[in-house]
Amino acid sequence: MNFLYMLKDQGLVDHLIVSLWVDSSDGNSLIKFGSWDKHGLKSGSELTVIRTTTQFSYDLRIESATLSGKSIFNDGKARLLNIDPQLPYLYLPSGDFNTYASALKEKFPDQVVCDDNSCKFENNCDQAKEDWGDFTLTLKDSQGSSPAFPIHEKQMLVPGPILGDTEVTCYAAVFKNGNGAIDSTWYIGEIWLKNYYTVFDQSPFDELGQSYLQIGVGPKNPVNLIGDIHYNTDSNYYWPEAESLDDSVTIPPHKNPYSTSAYTRRHKMREEGKFPNGKHSPNTGPWLAWMEDNKMLVFIGGASLIFFIITCVTCCCCMKKKRRIDSYMYKTYSMMRNDSPLKKDLNTTGDEEKLDDEDDNKGIQ
């Protein structure tokens, strides 16, 4: 019983599937058991599913292979492709390697040197010619489709020091497989996986009893979002599934993502079908996120508020100054002289008038 069957037998996965997102440049690769993730694909891309030749292996049938448009084999014999994650480059049967070497030397007669196993440029990879075109594999599905998968020319160059040679050498990433003439299988590894998100699926045979397996292939997302989406509470793309669906165990000193407020907030977004736009941290509240998404509106609103405050302060200062200049208009009391008509008409007693006169005299003194 292999490892996948053990996982399924223990109830840890539902399907015999392994998906690979590979980036050897920084070691930030990811393997997922039991399913694949659409976020492993480049935005706008789809997964192309290809059936294998039998249910006993993941070998795919090659319909054609070209280097800069020139065919590598024309003998009518079937070739198989085996995607092996442990291998770094492309390895061909001896006859196909010789054809490839001849095509490369014909294109660069004064720059390429080939032996029985490899071909190299006699200068470093920065100076090596890069106009030899893409290497393209066209695979044949049992249902008749023929998807083509190019590998860019820049990824077909290997610096000499990596292979124990000098710094002024650059190798083509195609080698003879060493299995003899009877082997018609092409083996490919990292140079495939760093271009394509790849899914190995045994479920057609395991669950449906079909006589084939299948491999899903699609352009790889240049950013590894899969781990961030499910576990990294500091990632702007954190978008976790329900805790009940996860059988993983948190290893100290890492924190349990399901006990954070970020999980509560972002899982609610997932339930509502709202994928994060990558602009906000999971710890950003909804109001702050809205403000970050509407910076121009916030700027206009803030400027308007400041202008309103300045206007109000200016008006208040002007009114206060006017009060000082024209104090009579803003008196809160009235003053009447004793000889005013209104004063004389008041019904007052003699004593009150005398008292008023005394007050006036005191004021004069």
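This is a predicted model: local features need pLDDT of at least 70, side-chain atom pairs count only at pLDDT 80 or more; totals for chains, interfaces and linings use all residues.

Biologist: What is the volume of the largest pocket?

Modeller: Its lining counts 30 residues, and these split into 14 nonpolar, eight polar and eight charged. As for the space itself, the largest pocket has a volume of about 1,000 Å³.

Biologist: Which elements give two or more residues to the lining of the largest pocket?

Modeller: Start at the middle: K32, F33, Y231, L245 and D246 are the lining residues nearest the centre. Domain 1 (3-221) and domain 2 (232-272) each supply at least three residues to the lining. The elements that give two or more are α1 (3-9), β2 (30-33) and α5 (226-231).

Biologist: On to rings. How is the pair of Y89 and F175 classed?

Modeller: A pair of aromatic rings is described by the distance of the centres and the angle of the planes. For Y89 and F175 the centres are 5.6 Å apart and the planes make 45 degrees. Planes under 30 degrees apart would count as stacked and over 60 as edge-to-face, so with 45 degrees this pair is tilted.

Biologist: Why does the Y89 and F175 pair tie together parts that are apart in sequence, and how many residues apart are they?

Modeller: Y89 and F175 are both buried. Y89 belongs to the loop between β6 (79-83) and β7 (90-92), while F175 belongs to strand β14 (residues 174-176). The pair therefore links parts whose separation in sequence is 86 residues.

Biologist: Which residue lies over the face of F73?

Modeller: F73 forms one aromatic cluster with Y100, F135 and W186. A charge sits over the face of F73, at 4.3 Å from the ring centre, and it belongs to R79.

Biologist: And how far is K220 from the ring centre of W21?

Modeller: To count as sitting over a ring, NZ of Lys has to be within 6 Å of the ring centre. K220 lies over the face of W21, with a distance to the ring centre of 4.5 Å.

Biologist: Is V158 buried or exposed?

Modeller: V158 sits in strand β12 (residues 157-159). Its C-alpha is 4.9 Å from that of Y171, which is 13 residues away along the chain. Buried means under 20% relative accessible area, and V158 has 3%, so it is buried.

Biologist: What is the C-alpha separation of N82 and G189?

Modeller: N82 is in strand β6 and is buried, at a relative accessible area of 18%. G189 is 107 residues from N82 along the chain.

Biologist: Last one: how far apart in space are D23 and N195?

Modeller: D23 is found in the loop between β1 (17-21) and β2, and it is buried, with a relative accessible area of 18%. Along the sequence, D23 and N195 are 172 residues apart. C-alpha to C-alpha, D23 and N195 are separated by 9.1 Å.

How values were computed: Residues are numbered from 1 along each chain as its sequence is written. Side-chain values use heavy atoms; hydrogens and water are left out. On a 1 Å grid over the protein atoms alone, a cavity is a set of points where a 1.4 Å probe fits but cannot get out, and a pocket is an open set with protein on both sides within 12 Å along at least five of seven lines; lining residues have an atom within 4 Å of a point. Grid points are joined across faces, edges and corners, and a volume is the space filled by probe spheres set on the points. Helices (H or I, at least four residues) and strands (E, at least two) are DSSP runs, numbered from the N terminus. Ala, Val, Leu, Ile, Met, Phe, Trp, Tyr, Cys and Pro count as nonpolar, Asp, Glu, Lys and Arg as charged, and the others, Gly among them, as polar. Domain bounds come from an automatic or database domain assignment. Rings of Phe, Tyr and Trp (its six-membered ring) pair if their centres lie within 6.5 Å; planes under 30 degrees apart count as stacked, over 60 as edge-to-face and the rest as tilted. Buried means under 20% relative accessible area, exposed over 50%, partly exposed in between (1.4 Å probe, protein chains only). A charge sits over a ring if NZ of Lys or CZ of Arg is within 6 Å of the ring centre and within 35 degrees of the ring normal.
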